[in-house]
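Here is a friendly walk through one model, from its strands to its nonpolar cores. Have a look at the structure below before reading on.

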Amino acid sequence: MNLPVKLLIAYYVNLISLSHAGFFTEYCNLNDALEKGKKYADILYPGILYADSADGKTCLDYASAFPYSVDGSEETSTILSCGHFLTQVKDRDPDCKIYFKSSSGQTYPVVRTINQWTSNPIQSISTISTDFSVYEISSQTACCSSLLVPDQTDAKSIELMTLSCGWHIDLSNTGTIRTDQKPALWSSQFQVDSGILSTVINPDTLLKLSTTNYEEWFFGSSLAITPQTFLHDSGSMWFRENNGGYELWGLTSHTSFVPRFVIDGRRGNSISSHSCSFLYTPYKIESYPIEPSCEKLNYGNFIINLTSHKSRGAFLPPLQKVK
């Protein structure tokens, strides 16, 4: 990968619990990605995990997720997703209620979980490999019986597809913001190094997401040939087709933190500003050019490589109730 091997690079977990869907540029086609997503949704059944406050009055967060067959059957109560979603919603409300919403729209309460993620606010490349959780829902839901975790590869790079259930923003026409259409399918070439799968991009854009009394900044690239992660994509599957089946390689983890000096050093005024609404809350998304010198602050998509956990039976743990 383009990052120095063994070098720990800090990534900040979102303090307000937004799970880290895609920026689409002129080199990507959002409508095409959504159309392909419909096809694969009927095969792989992607859904979302969402958390409500204990009193049911506030949606705390949601993340991409999907059912996984641990025994080759066509139904399962096992859901895989990212670990930081669970950690963060429990930090916000220890008594929160978590649910899985399937691709067909049916909702299932989560009854037990096991988390591989720590609550340390500063994470490193080495901890991305543990950013997953196993969630058990109250009853069986449809799954793809041929979606299996493969053996480890000796290749230095691998082409994978993902199904994102998060937000979608078209950077070539930033008036297009989709917060309710899902999933979208796209592919990306990942470098394989020390158990981490990554794709690294040179940023030329900053995106500011804001609402009342809150703002957050993201790196973006107007020239990237693949979409880039944005909101609520964490936990989405990365897979490839092989001999009529599907190999499950990893889950989206998170993207890199935007340093304060980059935000303060952005060039000029915003080049676009558009509004959207989500869960009855208005948001504004503004884009800014950034200084070329900031391109050295590469960022990208980082995913947990599930093959490294296969031999240890990581998806068949003795599930324990979340405390």
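Asp52 has Cys59 in S4 as its bridge partner. In this predicted model, strand S3 (residues 47–52) and strand S4 (residues 59–67) pair in the antiparallel sense, and six bridges join them.

What order do the strands follow around the barrel? Six strands close into it in the order S3-S4-S5-S9-S7-S6, with antiparallel pairing. From one strand to the next, the twist averages 40°.

Helix H2 (residues 83–92) packs on the sheet, and its direction makes about 155° with that of S4. The strands that H2 touches include those in this table.

| Strand touched by H2 | Residues |
|---|---|
| S5 | 75–81 |
| S6 | 97–101 |
| S7 | 107–115 |
| S9 | 133–142 |

H2 also touches S3 and S4.

Now for the nonpolar cores. The largest one has 20 residues, and the members that touch the most others are Tyr40, Leu44, Phe66, Leu147, Met237, Phe239 and Leu248. Helix H1 (30–44), strand S11 (157–164), strand S19 (237–242) and strand S20 (245–252) each give two or more residues to this core. S20 provides the largest share, three residues.

Which residues is Leu147 in contact with, leaving aside its neighbours within four places in sequence? They are Leu44, Phe66, Tyr68, Met237, Phe239, Tyr246, Glu247 and Leu248.

There is also a second, separate core of 19 residues, with Phe23, Tyr50, Cys276 and Tyr283 among them.

Definitions and conventions
Residues numbered from 1 in each chain as written. Predicted model: local features only at pLDDT ≥ 70, side-chain atom pairs only at ≥ 80, totals over all residues. Heavy atoms only, no water. Core = buried A, V, L, I, M, F, W, Y, C linked by side-chain atoms within 4.5 Å. Buried < 20%, exposed > 50% of the residue type's maximum accessible area, 1.4 Å probe, protein only. Helix = DSSP H or I, 4+ residues; strand = E, 2+ residues; numbered from the N terminus. Contact = heavy atoms within 4.5 Å. Pairing = 2+ DSSP bridges. Axes fitted to C-alpha atoms, helices over the stretch in contact; angles between N-to-C directions.
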